[in-house]
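Here is a short tour of a model, meant to be read with the structure open beside you.

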Amino acid sequence: MTHHSSCEHSIIVRVTKPSTRAERRKAELRQDIIDTAFVCFAEKGYHATGIADIASILGIGHGTFYRYFSNKRDIIDHVIDDLAGRIVEALGTENAPDAATSLDDYRAQLDRIGVALDHILVEDRRVAQLLLFHATGIDDELTARLYGLLDMADALTAGYLSHGVELGYLRADLDTTNTAKAVTGMLIAGIVHGMRSPDTTAVNGLNEAIRRLLIDGVRKD
């Protein structure tokens with residue numbers, strides 16, 4: 001995603017490829033609505049954004065919006081799903097928890113994951129702004145979903161660590177469950193610091209410190 005300064009000029013377009021032209025147009029408009037809603041929710045906030053804001057930016061009527069989504073609460077669920085999907089997709093097969101077979105593989109894997117997550121969560125600050133600030137507290141159900149994303153991150157990280165322990169390149173006495181939770185906390189702190197400051201050097205320094213902890217702090221001596 002490319003950062004823009006206003007809601008009206010920040011529409012992201014991704015083209016899917018259904019089988020017919022009519023299906024393609026529907027899929028494209030549906031994705032346009034999701035992308036536009038993301039921008040408005042992230043920049044204006046959920047409560048300050050109305051269906052009219054999203055529809056007017058796209059030049060569609062309310063009726064068209066309601067053919068795809070039942071209400072504003074429905075659309076933010078899809079926005080969150082879309083963002084979660086991007087994060088999972090960024091990990092890819094080569095970055096699966098059981099893909100590494102050595103410490104060098106693990107090191108390279110962390111580098112790839114770091115670049116991918118920086119691209120999604122740091123380069124466009126609106127993603128983290130929405131997930132960490134605007135989406136929390138809308139209602140109990142959505143808050144529970146966001147906690148679910150946190151649990152997913154913990155479980156994924158624990159998978160990387162457990163795999164390393166099993167193959168012998170990470171410490172045998174490693175508490176993988178609690179270490180994974182600590183890693184998630186560090187990553188969230190890194191994202192928040194990246195949102196606060198445009199200083200690339202400082203952000204890169206923090207990322208390198210986290211990376212060293214994830215390697216030097218847990219590798220087998």
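## A buried pair

Asp124 is buried, with a relative accessible area of 1%, where buried means under 20%, exposed over 50% and partly exposed in between, using a 1.4 Å probe and protein chains only. Its salt-bridge partner is Arg126, and the closest N and O atoms are 2.8 Å apart; a salt bridge here is a side-chain nitrogen of Lys or Arg within 4 Å of a carboxyl oxygen of Asp or Glu. Arg126 is buried too, at 2%.

This is a predicted model, so local features need pLDDT of at least 70 and side-chain atom pairs count only at pLDDT 80 or more, while totals for chains, interfaces and linings use all residues. Residues are numbered from 1 along each chain as its sequence is written, and side-chain values use heavy atoms, with hydrogens and water left out.

The whole structure holds 16 salt bridges. One of them joins Asp35 to Arg86, with 3.5 Å between the closest N and O atoms. Asp35 sits in helix 1 (residues 21–44) and Arg86 in helix 4, so this pair ties together parts 51 residues apart in sequence. Asp35 is buried at 0% relative accessible area, and Arg86 is buried at 15%.

Another joins Asp77 to Arg145, with the closest N and O atoms 2.8 Å apart. Asp77 belongs to helix 4 and Arg145 to helix 7, so the pair links parts that are 68 residues apart in sequence. Asp77 counts as buried at 17%, whereas Arg145 is partly exposed at 28%.

## The overall fold

The protein chain has nine helices and zero strands; these are DSSP runs numbered from the N terminus, with helices (H or I) of at least four residues and strands (E) of at least two. Of its 221 residues, 39% are buried. The C-alpha atoms fill a box of roughly 65 × 40 × 35 Å along the principal axes.
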